[in-house]
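Visitor: I have a model open and would like to learn how to read its features one at a time. Where should we begin?

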Amino acid sequence: MSPQPRAGRRPRAPRNSLSAELIVDSALRLLDERGIDAFSMRALAEELGVGTMALYTYFRSKEELFQAARARVFTQHAPPVRTDAPWADQLRDACLALYGLFTGRPSVLQLLAEQHRAEGPEGREEQATAGSAAAMMEHMLGLLRGAGIGRQQAARAQTALVQYTVGAALRASRARCSDAHCSDEERRRLLRARLEALPAEEFPLVVDLAPELAEAQKGAEQYAFGLDLILAGLRTAGSWEKAGRDDGAPSPQHI
């Protein structure tokens with residue numbers, strides 16, 4: 001009679017069923033569920049039902065696995081492109097897609113932070129990730145420069161858009177992680193109650209606008225509102241540059 005697997009442990013994967021693709025898929029799922037601090041090669045091996053050393057046949061270290069995971073996410077990220085739409089709408093689409101990527105996969109921001117802490121030579125996977133990031137930058141800068149926005153303003157605007165997107169996504173992810181058992185609606189209700197409990201004589205506007213301030217915590221909706229404010233300013237900048245104060249940008253398009 002063949003030995004039975006121990007209680008509480010997953011049965012081992014069939015022989016020769018393991019692959020680099022399966023390992024990366026499982027690693028991303030585990031990172032999304034548990035976070036990077038709780039991730040380990042041993043936990044991943046248990047998830048797959050294999051011995052830990054089997055993973056090192058495909059990846060020499062956890063960092064090498066993280067490199068492959070980053071490359072997988074970013075090389076598969078393909079934001080929608082509407083070439084017939086005005087430049088600001090195309091820029092909005094790109095930012096919304098990036099925000100959706102970050103909030104839809106909590107592990108992405110963690111993997112990016114881990115990348116900045118890691119040291120060592122850049123491998124093929126890191127080059128793929130860098131190439132995807134550069135393609136996104138090229139797309140956004142092309143839209144800004146094509147709108148007639150000058151060199152320095154275009155560079156600063158692209159950086160500001162990415163920083164705003166990453167910050168908003170990080171805030172949304174942390175809000176979910178800090179109180180995973182609390183729904184978004186419940187968090188807004190609790191915030192409204194805390195604001196309304198403040199002394200009205202000291203904070204009259206905060207207390208009066210407590211319902212609106214609580215509603216402003218809707219992550220994706222609030223992100224889109226802030227994004228539209230930034231784009232409105234960029235439209236003005238594009239019109240200002242078009243009036244003859246440009247520094248060599250191509251002719252404006254779809255302003």
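Guide: Let us begin with a single side chain and what surrounds it. Setting aside neighbours within four places in sequence, Q158 is in contact with M137, M140, L141 and L144. Keep in mind that this is a predicted model.

Visitor: Where does Q158 sit in the chain?

Guide: Q158 belongs to helix 8, which covers residues 151-178.

Visitor: Is Q158 buried or exposed?

Guide: Buried means under 20% relative accessible area. Q158 has a relative accessible area of 5%, so the residue is buried.

Visitor: How do I read aromatic pairs, and how many are found in the whole structure?

Guide: A pair of aromatic rings is described by the distance of the centres and the angle of the planes. A search of the whole structure finds 3 aromatic pairs. One of them is Y99 with Y223, which is stacked, at 4.2 Å centre to centre and 5 degrees between the planes.

Visitor: Which parts does the pair of Y99 and Y223 tie together?

Guide: Y99 lies in helix 5 (residues 87-104) and Y223 in helix 12 (residues 219-245), so this pair ties together parts that are 124 residues apart in sequence. Y99 is buried at 7% relative accessibility, and Y223 is buried at 1%.

Visitor: What pair do Y164 and Y223 form?

Guide: Y164 and Y223 form a stacked pair, 5.1 Å centre to centre with 15 degrees between the planes. Y164 is in helix 8 and Y223 in helix 12, so the parts tied together here are 59 residues apart in sequence. Y164 is partly exposed, with a relative accessible area of 25%. Y99, Y164 and Y223 form one aromatic cluster.

Visitor: How do I check the length of a helix, say helix 5?

Guide: Compare the expected span with the distance between the end C-alpha atoms. At 1.5 Å a residue, the 18 residues of helix 5 should span 26 Å, and the end C-alpha atoms are 25 Å apart, which agrees. Of those 18 residues, 13 are buried, so helix 5 is largely enclosed by the rest of the structure.

Visitor: Which residues of helix 1 are buried?

Guide: An α-helix has 3.6 residues a turn, so residues three or four places apart point the same way. In helix 1 the buried residues are I23, V24, S26, A27, L28, L30 and L31. The 15 residues of helix 1 (residues 20-34) should span 21 Å at 1.5 Å a residue; the end C-alpha atoms are 21 Å apart, which agrees. After helix 1 comes G35, whose phi is positive, near 90 degrees.

Visitor: What is F59 in contact with?

Guide: Beyond neighbours within four places in sequence, F59 is in contact with A20, I23, V24, E64, L65 and A68. F59 lies in the loop between helix 3 (52-55) and helix 4 (62-75), and counts as buried at 5% relative accessibility. F59 and A20 are 39 residues apart in sequence, with C-alpha atoms 8.0 Å apart in space.

Visitor: What does UniProt list for residues 40-59?

Guide: An unreviewed UniProt entry lists residues 40-59 as "DNA-binding region". In the model this span is 60% helix and 0% strand, and its end C-alpha atoms lie 13 Å apart.

Visitor: How are pockets found, and what lines the second largest pocket?

Guide: Rolling a probe the size of a water molecule over the atoms shows where empty space is left. The second largest pocket has a volume of about 590 Å³. Its lining has 22 residues, of which R171, A172, A175, Q217 and G219 lie nearest the centre. Helix 5, helix 8, helix 9 (184-196) and helix 12 are the elements that give two or more residues to this lining.

Key. Residues are numbered from 1 along each chain as its sequence is written. This is a predicted model: local features need pLDDT of at least 70, side-chain atom pairs count only at pLDDT 80 or more; totals for chains, interfaces and linings use all residues. Side-chain values use heavy atoms; hydrogens and water are left out. Helices (H or I, at least four residues) and strands (E, at least two) are DSSP runs, numbered from the N terminus. Buried means under 20% relative accessible area, exposed over 50%, partly exposed in between (1.4 Å probe, protein chains only). Contact means heavy atoms within 4.5 Å. Rings of Phe, Tyr and Trp (its six-membered ring) pair if their centres lie within 6.5 Å; planes under 30 degrees apart count as stacked, over 60 as edge-to-face and the rest as tilted. The expected span of a helix is 1.5 Å times one less than its number of residues. UniProt positions are given in the numbering used here, feature names are shortened, and annotations may be inferred rather than shown by experiment. On a 1 Å grid over the protein atoms alone, a cavity is a set of points where a 1.4 Å probe fits but cannot get out, and a pocket is an open set with protein on both sides within 12 Å along at least five of seven lines; lining residues have an atom within 4 Å of a point. Grid points are joined across faces, edges and corners, and a volume is the space filled by probe spheres set on the points.
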